[in-house]
Amino acid sequence: MPATIAACSSGSMPCGVALVRLSGPEAFSVLDQVFLPKNQQPAARWTPRTMRFGQVIAKDGRTLDLCLAAVFPGPNSYTGEDLAEIYCHGSQPVVAGLLDHCFAQGAIPAPPGEFTKRAFLSGRMDLTEAEAVADLIHAQSELGAKAAAAQLTGSVGGRVKTIREELLALLAHFYAVCDYSDEALEPFDYPNAIAVLTASKSQLTQLYQGFQRGRLVREGVPVAIIGRPNAGKSSLFNALAGQERAIVTEEAGTTRDVLEQVISCDGAPVRILDTAGLRNSQSKAEQKGVELARQAAQQAQTVLCVIDRSVSLTQEDQDALSLARQCPLAVLVLNKADLSPNPAPWEDALRKSHSWAAVFPLSAKEGTVEPLSRWLAGLAPHPEETLVTSARQAGLLEQAVSALEDAISSASQSMTADAFLLDAERAVNLLGQVTGETASADLAHEIFSRFCVGK
Ligand SMILES: Nc1nc2c(ncn2[C@@H]2O[C@H](COP(=O)(O)OP(=O)(O)O)[C@@H](O)[C@H]2O)c(=O)[nH]1
Ligand SMILES: [Mg+2]
């Protein structure tokens with residue numbers, strides 16, 4: 001029998017209301033000890049999913065709080081088990097006292113993700129939906145949240161399940177033909193099998209190909225800020241991030257590590273990277289920083305090349321510009337426009353020297369980055385399609401596509417029934433791992449340990 005678990009599911013305190021959850025076979029009997037409803041009815045007799053007013057009782061019998069509670073009898077609860085929720089005031093001592101009493105009554109502290117793991121184990125959701133819960137909780141932008149919410153409704157799991165069922169039906173038919181070959185069953189139709197396998201393969205390929213776009217939605221489009229020391233890269237980073245994250249000084253060579261921050265530009269996730277100023281330096285740490293800056297520029301989808309508009313161009317600016325020109329999507333940022341509102345003498349030539357994706361005169365110091373921020377928002381995919389965002393799911397889908405390719409090639413030779421079966425079954429098994437129908441306990445553990453406590 002699983003243990004009854006308890007945890008606080010809400011966020012940091014103090015706050016208006018905190019949510020403490022209990023799930024498991026003893027959830028209602030523990031609730032009866034820690035919460036005394038006004039009408040004194042035992043929890044098992046409450047109307048499901050309806051609030052009750054009462055007192056939260058501490059281990060020593062003291063009243064800790066006056067608040068609401070509700071019961072969600074299994075199997076129609078989030079976890080599929082008996083689940084109780086207490087909505088007490090969001091006070092650290094109240095929640096601690098309440099949990100303490102729950103533990104004294106035999107509940108155990110819920111490990112991270114345990115509520116959702118139980119939901120998965122009791123068949124309330126498949127793995128794609130469970131992973132979407134974690135994605136939704138950790139979403140860093142509206143768009144990321146939207147993609148996670150779509151998966152929560154089973155958009156990926158449902159499609160994978162349908163394809164898997166079609167393949168299973170095909171295999172069942174194949175076995176039937178082999179087992180009862182004397183009877184009046186039609187012989188196995190290889191051309192039809194090839195058609196089914198090919199259709200499944202193309203649907204899975206499409207899902208898999210959405211992963212790159214899905215990853216951008218989840219992790220943010222990588223945008224590297226490069227330029228010579230003191231051009232104002234860190235100031236731009238802070239202005240875009242809307243907070244003082246990077247150190248800004250008039251001293252050259254301040255930034256050495258690559259700083260990363262996912263920001264939400266008009267709801268779209270953009271991962272901005274602040275880098276070390278490009279110059280030749282004697283300092284080992286700074287040299288390493290410059291190397292990392294070059295790498296970041298090469299890996300990013302877009303580079304923002306920051307130039308100080310208020311002074312002449314230097315050799316170091318030229319280095320930064322040539323690095324930027326190697327990026328397919330390079331943006332010219334003409335910074336310190338507050339010092340120099342009019343175009344610099346060199347500016348026209350610079351604008352024409354390359355097909356810049358965009359040019360923005362701005363002042364990072366004054367925070368006039370709104371037009372740039374709006375432009376960055378356009379980089380994120382705007383998915384109408386179902387997007388796979390989990391690397392785990394994408395890896396399995398890729399392997400399933402290759403198993404199906406093997407099965408198709410065996411089926412086209414129509415003599416190697418064993419090989420065909422093996423490959424098709426491998427695909428079925430891989431798809432089962434996507435949704436969790438054939439997942440191992442280790443895998444489930446790995447996935448749910450990424451969750452927070454109380455979810
Ligand atoms: N007037 C003005 N000063 C700026 C602007 N952006 C950066 N600075 C100043 O330029 C210096 C270097 O800025 P920082 O962001 O550290 O440059 P980085 O070395 O490229 O990261 C600091 O003294 C900033 O205050 C700007 O738009 N206008
Ligand atoms: Mg800097």
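**Salt bridges, helix packing and local backbone features**

A search of the whole structure finds 23 salt bridges, a salt bridge being a side-chain nitrogen of Lys or Arg within 4 Å of a carboxyl oxygen of Asp or Glu. The model is predicted, and local features need pLDDT of at least 70, side-chain atom pairs count only at pLDDT 80 or more, and totals for chains, interfaces and linings use all residues. Residues are numbered from 1 along each chain as its sequence is written, chains are lettered from A and ligands numbered from 1 in the order in which they are written, and side-chain values use heavy atoms, with hydrogens and water left out.

Side chains of opposite charge can pair when their charged atoms come close. One such pair is Arg21 and Glu85, whose side chains meet in a salt bridge with an N to O distance of 2.9 Å. This pair links distant parts of the chain, with Arg21 in strand β2 (residues 15–23) and Glu85 in strand β6 (residues 83–90), 64 residues apart. Helices (H or I, at least four residues) and strands (E, at least two) are DSSP runs, numbered from the N terminus. Arg21 is buried, with a relative accessible area of 9%, and Glu85 counts as buried at 9% relative accessibility. Here buried means under 20% relative accessible area, exposed over 50%, and partly exposed in between (1.4 Å probe, protein chains only).

A second salt bridge joins the side chains of Lys201 and Glu405, at 3.6 Å from N to O. It also links distant parts of the chain, since Lys201 belongs to helix α7 and Glu405 to helix α13, 204 residues apart. Lys201 is partly exposed at 23% relative accessibility, and Glu405 is partly exposed with a relative accessible area of 38%. The axes of the two helices, α7 (residues 190–219) and α13 (residues 391–413), come within 9 Å and cross at roughly 155 degrees. That angle makes α7 roughly antiparallel to α13. Axes are lines fitted to C-alpha atoms, for helices over the stretch in contact, and angles run from 0 to 180 degrees between N-to-C directions; those under 35 degrees count as roughly parallel, over 145 as roughly antiparallel, 65 to 115 as roughly perpendicular and the rest as oblique. The crossing of α7 and α13 is left-handed, meaning that the near helix is turned anticlockwise from the far one by less than a right angle.

Within helix α14 (residues 417–435), Arg426 and Asp423 are three residues apart and are therefore separated by about one helical turn. Arg426 forms a salt bridge with Asp423, the closest N and O atoms being 3.5 Å apart. Arg426 is partly exposed at 35% relative accessibility, whereas Asp423 is buried at 13%. Elsewhere, a network of salt bridges links Arg228, Asp308, Asp317 and Lys336. The C-alpha atom of Asp308 is separated by 9.7 Å from that of Leu339, 31 residues away along the chain. Leu339 lies in the loop between β12 (330–335) and α11 (347–352) and counts as exposed, with 60% relative accessibility.

Gly144 is placed in helix α5 (residues 142–152) and counts as buried at 11% relative accessibility.

Two cis peptide bonds are described here. The bond from Met13 to Pro14 is cis, with omega near 0 degrees, and Pro14 lies in the loop between β1 (5–8) and β2. A cis peptide bond also joins Gly74 and Pro75, with omega about 0 degrees; Pro75 is found in the loop between β5 (63–72) and β6.

Positive phi values in residues other than glycine occur at Gln40, where phi is near 60 degrees, and at Arg49, where phi is near 55 degrees. Gln40 is found in the loop between β3 (35–37) and β4, and Arg49 is found in the loop between β3 and β4. Gln40 is exposed, with a relative accessible area of 59%, and Arg49 counts as exposed at 52%.

Strand β4 (residues 52–57) contains Phe53, which is partly exposed at 43% relative accessibility. Phe53, together with Met51, Leu66 and Leu68, makes a nonpolar surface patch of about 370 Å². Patches are made of residues with over 30% relative accessible area and no salt bridge, like charges being joined within 9 Å and nonpolar side chains (Val, Leu, Ile, Met, Phe, Trp, Tyr) within 5 Å. Accessible areas come from the Shrake-Rupley method with a 1.4 Å probe, and for residues only the protein chains shown count as cover.
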